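Subject: Handover of a structure for your reading

Dear colleague,

Please find below the structure that I am handing over to you. My notes on what was found in it follow directly after.

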Amino acid sequence: MGIGIFGRGVSALNAAQIGLSTVEHNIANANTPGFNRQQIVQTARLSLDTGAGFIGQGVDVSTVKRIYSEFLSTQVLQGQAQASQLETNFQQIGQINNMLADSDAGLSPAIQDLFSAINNVSSSPESQAARQAMLSSAQFLASRFQSLNQRMSDIDSSINGQISSSVTTINSYAQQIASMNKNIVQVQAAFNGHTPNDLLDQRDQLISLLNQEVKVNVVKQSNGTLNVFIGSGQSLVVGEQPIILKAVQSLSDPSRLEVAYDSGSSVIRAQQNSFQGGNLGGLLAFRNESLDVAQNALGRVAIVLADTFNQQHQLGQDLNGALGGNFFTQPVPLVITNAENTGAATISASIASTSALTGSNYSLRFDGGTAYTLTRLSDNTVTSLATLPQTVDGLTIATTAGAVAGDRYMIRPTVNGARDIAVAISDTSKIAAAAPIRTNASLANIGSGRISAGTVNAVFPVDVNLQQPVSIVFDSPPATFTVTGTGIPGSPVAGVAYTEGAPITYNGFTLQITGTPAAGDTFSVTSNTNATADNRNALQLANLQTQNTVDGGTTSYQGAYAQLVSQVGNKTRELEMTSQAQTSMVNQVIQTQQSISGVNLDEEAANLLRYQRAYQAAGRVIQVANTMFDTLLSL
Amino acid sequence: MRISTSSIYNANVSLLNQQQSQLLHTQQQIATQRRLLTPADDPIAAARVLKLSQADATNSQYAINRNAVQHSASLAESVLQSVTNLLQDVRTIAVNAGNGALNHSDKQTLATDLSGRLDELLSLANSTDGVGNYLFSGFQGRTQPFSNDIAGVQYQTDDGQRMIQVGSSRQLAASDSGADIFMRVKNGNGTFIAKAATANTGSGIVSQGAVTDPALLTGNNYQVTFSVAAGVTTYGVTNITPGASVPVPVAPGTPYVSGQAISFDGLQFDITGSPVNGDVFTAAPSTNESIFETISNLITALRTPNPLGGAVAAAEFTNSNNQALNSLDRGIDNVSTVRTSLGSRLRELDSLQNAGESMGVQFKQTISQLQDVDLNKAISDLTQQQITLEAAQKSFLAVSGLSLFDFM
């Protein structure tokens with residue numbers, strides 16, 4: 001009987017001690033990330049059946065369990081993957097947003113500077129100072145395009161770096177999870193099926209960290225291991241075996257890294273958009289949805305500006321009397337041949353109409369025969385091209401022979417627009433502010449006919465005979481006139497009917513004669529020599545500022561840039577909002593999960609007291625038993 | 001509900017973070033005076049600000065352009081005012097020269113005076129804008145428009161007129177071609193010119209004439225031929241344009257009465273004095289006669305009297321002088337027309353300037369409404385956020401200070 005008392009007292013002492021240890025462990029790990037509080041599971045020992053009935057035999061601590069809700073943990077995982085994707089995406093787009101934030105540092109003041117300078121040239125076309133200011137502000141605009149683009153390219157290459165380090169992190173977590181799986185199986189086998197709570201916590205914590213890099217799916221195995229899957233179901237950890245990821249050059253764009261599986265001897269490429277969620281998902285989404293769009297939109301403004309400006313400039317005449325050349329260098333589309341193509345064909349893309357450009361990227365696939373399939377990546381519109389060359393969205397696509405079915409090409413029409421725009425002329429006298437022709441009514445004219453100043457037709461290349469002298473002499477009676485000049489078919493052309501104000505077009509120019517000319521009245525068109533005070537072309541150039549030239553003629557340069565700004569602003573705002581909402585949702589779930597699994601120090605303090613008291617009571621039991629023995633022994 | 005201790009800290013830290021970042025945002029708004037710190041703050045307003053700032057910038061540019069037009073128009077106006085004064089002087093001299101009492105040397109003096117005036121007019125017509133550009137040379141700003149050679153003053157440049165954008169849909173001329181001011185002056189009455197032939201030996205003086213019926217005008221050349229037989233002076237008018245249709249406008253043998261109107265084909269003029277047999281007068285469509293030519297013709301008429309002298313010479317001079325006066329009037333009219341157009345341009349510039357300024361104010365106001373911070377609201381926000389943050393901090397301290405361990 002005495003032994004029974006000792007036995008029960010010792011079992012109570014043990015239980016209290018284990019309880020105290022667990023409380024201490026909980027207190028120690030109150031701030032350990034991923035720690036779930038632990039509790040001892042006490043059970044009463046089986047009682048002894050005596051004549052006096054069942055007598056209890058004390059207490060056993062059957063195990064130490066962790067307080068863990070699988071349901072809530074899964075919810076936290078799901079929410080966190082989404083939250084960290086949004087957070088990363090928001091941080092990245094925040095860089096573009098900040099870049100466009102300062103209205104004094106964006107494109108807008110540079111555009112305004114250029115057109116102010118052109119207006120000043122138009123007011124004093126002969127002024128070298130005004131011309132120099134126009135060149136300088138054009139260079140300023142080009143360099144502003146370049147620096148904005150450079151900033152986005154920097155962001156692009158920093159994303160390569162971040163993808164690399166994300167892949168390294170994922171690999172490291174995968175290895176740790178695999179070795180945790182191994183440890184847990186071993187420990188469970190060695191310790192009689194007791195759950196190794198702290199190992200499980202650590203593994204769960206690793207999965208949670210991995211999940212913040214890329215969204216994972218976790219499947220529990222019967223032996224206690226966890227299998228981890230990412231993307232569209234590819235395994236990352238199977239039992240004790242991790243799969244290694246690798247950041248490799250994209251086939252469709254060598255300047256970019258993408259994520260692939262490393263199978264030792266070769267890499268297996270993965271569908272990039274399958275990596276949803278997490279930091280990696282955020283980086284990939286930002287690159288596709290925001291960076292490309294912004295860079296293409298900026299490039300499109302540059303391309304349209306260069307093209308429309310050049311066209312108008314070519315219709316003018318510079319101070320030396322020569323026709324205007326290109327004012328800006330014209331950026332060209334980028335075509336990337338997929339690295340795995342087996343055919344030898346070269347695809348070339350050129351811009352047929354800058355106003356029709358969309359700002360999207362295109363993917364082109366050779367289907368065999370002469371047929372190609374073109375996919376506009378912004379909205380996945382598929383166009384079947386029975387043969388090349390073809391013009392789609394202002395882009396003329398041509399090919400050489402030698403393509404093999406399945407060959408792929410990536411066409412990025414406007415990506416390099418902002419990078420490649422530059423001012424093509426450096427000599428102020430090469431600014432074509434004047435028109436190449438001028439018209440004249442002979443002073444000997446008797447009638448009241450007046451001739452308009454004449455315009456150059458916007459047909460390229462400009463007619464070679466544009467500046468040849470042309471004379472228009474009215475016949476008698478003056479209902480018709482005769483046109484004479486080099487380059488006019490059938491010159492002299494007699495008997496052309498005169499209609500007041502009707503356009504008269506020869507050699508690439510158009511003019512009007514109004515009033516009532518008399519017989520013999522002579523009008524002439526000549527090359528515009530010494531025209532230092534002529535500003536007609538500068539006036540046209542200045543008007544380009546407010547003309548709707550971009551996006552199918554729906555908006556101006558500034559308007560297109562404003563669209564870009566509002567697009568980025570909207571996306572940033574959207575991400576900021578959803579990211580905040582998602583974060584607070586995750587915080588809610590974490591709080592619920594913590595309310596079950598987290599350590600509450602007050603509770604632990606109470607438990608401390610509880611087990612302390614239990615220990616004291618058990619001690620007193622042993623003391624009582626001891627006193628009982630003493631009583632017996634003293635008999 | 002059970003609360004985990006770390007949740008208390010985490011939740012509070014994230015709340016404090018949020019409030020602090022709001023506070024910082026408001027503080028930045030106040031410091032920069034801008035509501036829109038980045039496009040994300042209000043994407044639609046950010047895009048509108050960009051569009052409006054372009055509209056504002058072009059509006060300001062138009063104001064600069066208007067100044068340029070105003071400068072050149074005022075310059076041209078002051079030169080043309082001098083031209084008008086000069087032409088008025090020349091006209092006074094021409095009127096004086098018509099005084100029959102003047103002798104040859106008086107006319108020589110007037111001729112010398114006029115030739116000085118001609119030089120002055122030439123230099124006015126070749127005025128520059130102060131940086132070496134000729135005012136009236138069309139597109140060829142650096143080429144002298146008028147030069148004097150043996151054939152008289154020639155216009156060497158072109159008809160170009162420089163337009164400047166002064167409003168979003170308005171261009172105004174910043175220059176006028178010298179040809180339109182000085183060269184394209186119709187002689188005669190502007191439609192036709194009636195002249196006495198230089199070989200006339202009678203004393204017939206022809207009037208400037210007028211158009212009686214524009215619908216009947218033919219634009220042909222006519223010749224009035226006088227014949228005197230048995231003391232009776234008759235005349236006839238023939239159409240001398242090759243291939244012109246008959247009938248004969250006025251049959252030969254029509255009796256001549258001095259000062260009686262001669263009309264045909266919508267024209268009407270009269271001849272006074274005594275033409276002699278074989279005297280010829282012509283009526284032809286007006287042609288352009290430059291103001292320089294008019295003055296130098298007058299000088300020539302003053303310097304070279306008809307050797308026949310007497311009434312014949314007087315009649316010839318009167319005819320020339322009348323021509324000159326006609327042409328001068330038309331020249332003064334022409335210059336006045338250009339000055340009127342300059343004046344209306346200047347007036348339009350003024351009204352455009354007013355409109356532009358009030359538009360500029362509108363633009364700036366709207367831009368300010370879109371992107372500038374409302375200080376009252378921002379400061380009140382700031383105070384409120386500050387109080388909230390302080391409350392959160394204090395309550396956090398109070399909550400985190402509670403621990404059972406303190407009582408053990």
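A:Val565 touches A:Leu100 in its own chain, and it also touches B:Pro39, B:Ala46, B:Ala47 and B:Leu50 across in chain B; residues up to four places away in sequence are not counted here. Please bear in mind throughout that this is a predicted model.

As general background, nonpolar side chains in soluble globular proteins tend to be buried together.

The contact between the two chains comes next. How many residues does each chain bring to the contact? Chain A brings 59 residues and chain B brings 56 residues. On the side of chain B that touches chain A, the elements that give two or more residues are α1 (5-32), α2 (43-97), β3 (163-167) and α4 (178-183) of chain B. Of these, α2(B) gives the most, with 15 residues. By residue type, this side of chain B divides into 25 nonpolar, 24 polar and seven charged residues.

Chain B can also be considered by itself. Its secondary structure comes to seven helices and 13 strands. Is chain B compact or spread out? The radius of gyration of chain B is 41 Å, whereas the globule rule gives 22 Å for 408 residues; the value is well over the rule, so chain B is more spread out than a compact globule. Taken along the principal axes, the C-alpha atoms of chain B fill a box of roughly 160 × 50 × 30 Å. Of its 408 residues, 34% count as buried. Among contacts in chain B between residues at least 6 apart in sequence, 67% join residues at least 24 apart.

The domain assignment of chain B gives domain 1 (36-187 + 290-399) and domain 2 (199-286). The centres of these two domains of chain B, taken over C-alpha atoms, are separated by 44 Å. Even so, 10 residues of domain 1 of chain B are in contact with nine residues of domain 2 of chain B. On the domain 1 side, the residues divide into four nonpolar, five polar and one charged.

Chain A is divided into domain 1 (2-67 + 598-633), domain 2 (73-288 + 554-589) and domain 3 (437-527). Between the centres of domain 2 and domain 3 of chain A, taken over C-alpha atoms, there are 64 Å. Strand β20 of chain A (residues 437-441) is mostly covered, as four of its five residues are buried. Five bridges join β20(A) to strand β28 of chain A (residues 522-527), and the two run antiparallel. In this pairing, A:Thr439 stands opposite A:Val525 of β28(A).

Finally, A:Val335 is found in strand β12 of chain A (residues 334-337). Why does A:Val335 count as partly exposed? A:Val335 has 18 C-beta neighbours inside 10 Å, and a buried residue needs 20 or more. Leaving out residues up to four places away in sequence, A:Val335 touches A:Ile347, A:Ser348, A:Ala349, A:Tyr409 and A:Ile411.

Yours sincerely,
A colleague

Methods. Residues are numbered from 1 along each chain as its sequence is written. Chains are lettered from A and ligands numbered from 1 in the order in which they are written. This is a predicted model: local features need pLDDT of at least 70, side-chain atom pairs count only at pLDDT 80 or more; totals for chains, interfaces and linings use all residues. Two residues are in contact if their C-beta atoms, placed from the backbone, lie within 7 Å. Ala, Val, Leu, Ile, Met, Phe, Trp, Tyr, Cys and Pro count as nonpolar, Asp, Glu, Lys and Arg as charged, and the others, Gly among them, as polar. Domain bounds come from an automatic or database domain assignment. The radius of gyration is taken over C-alpha atoms; the globule rule is 2.2 Å times the number of residues to the power 0.38. A residue is buried if 20 or more other C-beta atoms lie within 10 Å of its own, exposed if 12 or fewer, and partly exposed in between; C-beta atoms are placed from the backbone. Two strands pair if DSSP finds at least two bridges between them.
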